[in-house]
Amino acid sequence: MKTNIINSIAVAVLAGGFFACKPDNAGKNGGSEIAGDAAQKVYVAPGKHDEFYNIVSGGFNGQLSVVGLPSGRVFRIIPVFSQFAENGWGYSEETKPMLNTSHGFVPWDDSHHVALSTTNGEHDGRWAFINGNNTPRIARVSLSTFRTDEIIELPNSGGNHSSPFITANTEYAVAGTRFSVPPDANADVPISSFKQNFKGYISFVSIDKTTGHMGVKFQLKTPGVSFDLARAGKGKSDGWFFFSCYNTEQAASLLEVNASQKDKDFILAVNWKKAEEYLAQGKGKKEAAKYAHNIYDEKTHSATSTILTEVMTLDPKECPGMLYFMPCPKSPHGCDVDPTGSYIVGSGKLAAVIPVFSFDKMQKAIAAKTFDGDFDGIPVLKYDAVLHGEVKKPGLGPLHTEFDGQGNAITSFFVSSELVKWNIEKLEVLDRVPTYYSVGHLCIPGGPTAKPHGKYVIAYNKITKDRYLPTGPELTQSAQLYDISGDKMKLLLDFPTIGEPHYAEAIPASLVEKNTKKIFKLEENNHPYVAKGEKETKVVRKGNEVHVYMTSIRSHFTPDNIEGVKMGDEVFFHVTNLEQDWDVPHGFAVRGAQNAEILIMPGETSTLRWKPTKVGVTPMYCTDFCSALHQEMQGYVRVSPAGSSVPLTWGTGKTPTAEAEKKTANAKPKLNTPKVAMK
Amino acid sequence: MKRLFLYLLTLTALLWYGCSGKGAEQRAEAPETNPKEILEQPETHGTEVKEVALSTPLDQAMVKKGSDIYDLKCMSCHKLTDEKLVGPGWKEVTKKRKPTWIINMITNVDMMLAEDAEAQKLLEQCLVRMPNQNITAEEARSVLEFMRKNDGEK
């Protein structure tokens, strides 16, 4: 048996190899593992830029990483749902509110899917959205600052997996709950009452066209099933949203077996324009809920967290024509809409075919009421009436599909560990390549949009094993880049990823890099504790709180000597980076701080809270190498016992000049004369 | 198993050999974005200023504006006396340097440090590159007016 397999692999390799040697360009290297010119194709010379940004979910690390394609180089990690030691996200006083939820501060979440904003179904390079899965949330990340600007929590949800897929003009990001749950306001019910009390809530989160600000516009109270993935319609199907769902058995225990009973589960088609109409007609019902809405303000450099207390819901029973189920074999995972909006591809994890549904047929079936009964009051369309066709024997364990813009789809197969390219109209398999190993998500630049950029497909693999130098039981996660510009897919590059690469999108660099923010303008800094220039630096005591209005510039802090802090005080260092040049951050650390360090971008103000634990003189310093005199960028804070009479004084350098004194004459406390001589 | 592996390896090697000598293709396209586009954004320095017109008496509105900019963006490193802090003190700067030199030092520091011998001398003395403080040519003109005031002009 083993010999047979290896022999057939050998034959395949041989066949592919002969292809590779054909003199013409067509089909070269077909089927063989690595393209001969792979190195040239992924080499980005020193100082040159990559063609694409690859915005990659970090999965269980709760972050996004920014990778260049085709090089596979990592440029940034953007913390979203998790505290980040590199820049103080979730540690600084300004960013802590971003991780606030109705459960309180949550320092780490599991994030899954990336969605880049689109206009008319095409990438516009403005925002990236990503879902928090465990404590259900959606975040919006700016593609000009590469920072998380906003996070909204989702009530009545558990496992925000079917999220944050967006509509063609970024009107909505959706959030379908993976766990059906009883409503938050009345949740103390027996688990055995699943069928009566549990609902599969789908949230439509509206996105403001200009500011990007999010709000839960409405929630659909659908029957208790598990929503898995989703995609919006586009082109002719704009106005519709499609959600794959499993556990139509409505099991609450041992789902591995109990939710795999039926031959077919469903794809739920939602007419969201209709939902808006029902909402306008007053069919919505406000329900009590509790969820956090957190916004980061680029001008105050601070986040606020607001707890909201009600949510608008729509009951499908009162909204006919809004929801339809399409039967889909079997425990469907991916649910992907082709660039024209005509076809919906279901990927049944346990199915031996890939069903492709036709939007036109679906419309006809709805008009003709070609139903196959109903599921909890929602019409089920007849499978054959909505089916464009099935891709036969495509592989084992289909998960996700992306599109190349040339009429083809590429589907990932977890079980048979391969990517398979097939033609959407003809439903014919065109090519297949192995992945190492067990591919989950895949990404074609622009693959989910109306206008794919094509060129590459990236496989995000679930298993790494022997592909890299081993690092003990815990290995890097991995991705593989394939060239899809020819008829055959060709492996170009393996590259490691940060965290589990749980879906990603790729966008041409030209749509993003021109908008990149380089500095925060000092003139626009509205932080309540900003010091706009050294003359505004001061130390203010408010009871037990000591607020230090501090500045940093290459290479000193002002003030850098502080006395009069006492045990029991809470010291807030509000550090304003006075630099206005790109790529000149300063860091700040104080010995014994139990709240990490901070990194402050040019023109920004950031706050480190420090509760002294010992009497004595405590050093503080800049943690980011900023200039030739970086090692000199340091200072001292004297901490005296509680009740000590040491007065609050501060300063930097020698006696201030007459001018500086004049300028500071209005500032209340007198400048402390210095203990540190400047050269 | 080992033998089979060798078998595969030999096959692969054969194929490889068969393909060698074929010219490798260069990566077809360069990135679409021109790096110049990034450098020309408003947060970065402007183009070289070649002429500066001075007038007497001083424009008091400009002096005030220049003084405010000094407080926010310059004072950390430059005193108004002749004493060096991080950079040189400003006293007499308008007597020692031409107006265009001062403006370009403020708005085009990278160019000055690359090309101007006097600017390079100052870097050797101070060892900290004068930072780009995102000041426009017009704002720099106000800073110059404030410097003239500091040097006793009326």
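Colleague: What share of the contacts in chain A with a separation of 6 or more comes from residues 24 or more positions apart?
Modeller: This is a predicted model, and in chain A residues 24 or more positions apart make up 61% of the contacts with a separation of 6 or more.

Colleague: And how many helices and strands are there in chain A?
Modeller: Chain A has 44 strands and eight helices. Its radius of gyration is 28 Å, close to the 26 Å that the globule rule gives for 679 residues, so chain A is as compact as a globular protein of that length.

Colleague: What does the C-alpha trace of chain A span along its principal axes, then?
Modeller: The spans are about 85 × 65 × 45 Å, and 55% of the 679 residues of chain A count as buried.

Colleague: Switching to chain B, how do the axes of α5(B) and α8(B) cross?
Modeller: The axes of α5(B), residues 99–107, and α8(B), residues 137–150, come within 9 Å of each other and cross at roughly 125 degrees. With angles over 145 degrees counting as roughly antiparallel and 65 to 115 as roughly perpendicular, the two helices are therefore oblique to each other.

Colleague: Is that crossing left-handed or right-handed?
Modeller: The crossing of α5(B) past α8(B) is right-handed.

Colleague: Which residues meet there?
Modeller: From α5(B) there are P99(B), I102(B), I103(B), I106(B) and T107(B), and they meet A137(B), A140(B), R141(B), V143(B), L144(B) and M147(B) of α8(B).

Colleague: How many residues of that contact are nonpolar, polar and charged?
Modeller: In the contact of α5(B) with α8(B), nine residues are nonpolar, one is polar and one is charged.

How values were computed
Residues are numbered from 1 along each chain as its sequence is written. Chains are lettered from A and ligands numbered from 1 in the order in which they are written. This is a predicted model: local features need pLDDT of at least 70, side-chain atom pairs count only at pLDDT 80 or more; totals for chains, interfaces and linings use all residues. Helices (H or I, at least four residues) and strands (E, at least two) are DSSP runs, numbered from the N terminus. The radius of gyration is taken over C-alpha atoms; the globule rule is 2.2 Å times the number of residues to the power 0.38. A residue is buried if 20 or more other C-beta atoms lie within 10 Å of its own, exposed if 12 or fewer, and partly exposed in between; C-beta atoms are placed from the backbone. Two residues are in contact if their C-beta atoms, placed from the backbone, lie within 7 Å. Axes are lines fitted to C-alpha atoms, for helices over the stretch in contact, and angles run from 0 to 180 degrees between N-to-C directions. Angles under 35 degrees count as roughly parallel, over 145 as roughly antiparallel, 65 to 115 as roughly perpendicular and the rest as oblique. A crossing is left-handed if the near helix is turned anticlockwise from the far one by less than a right angle, and right-handed if clockwise. Ala, Val, Leu, Ile, Met, Phe, Trp, Tyr, Cys and Pro count as nonpolar, Asp, Glu, Lys and Arg as charged, and the others, Gly among them, as polar.
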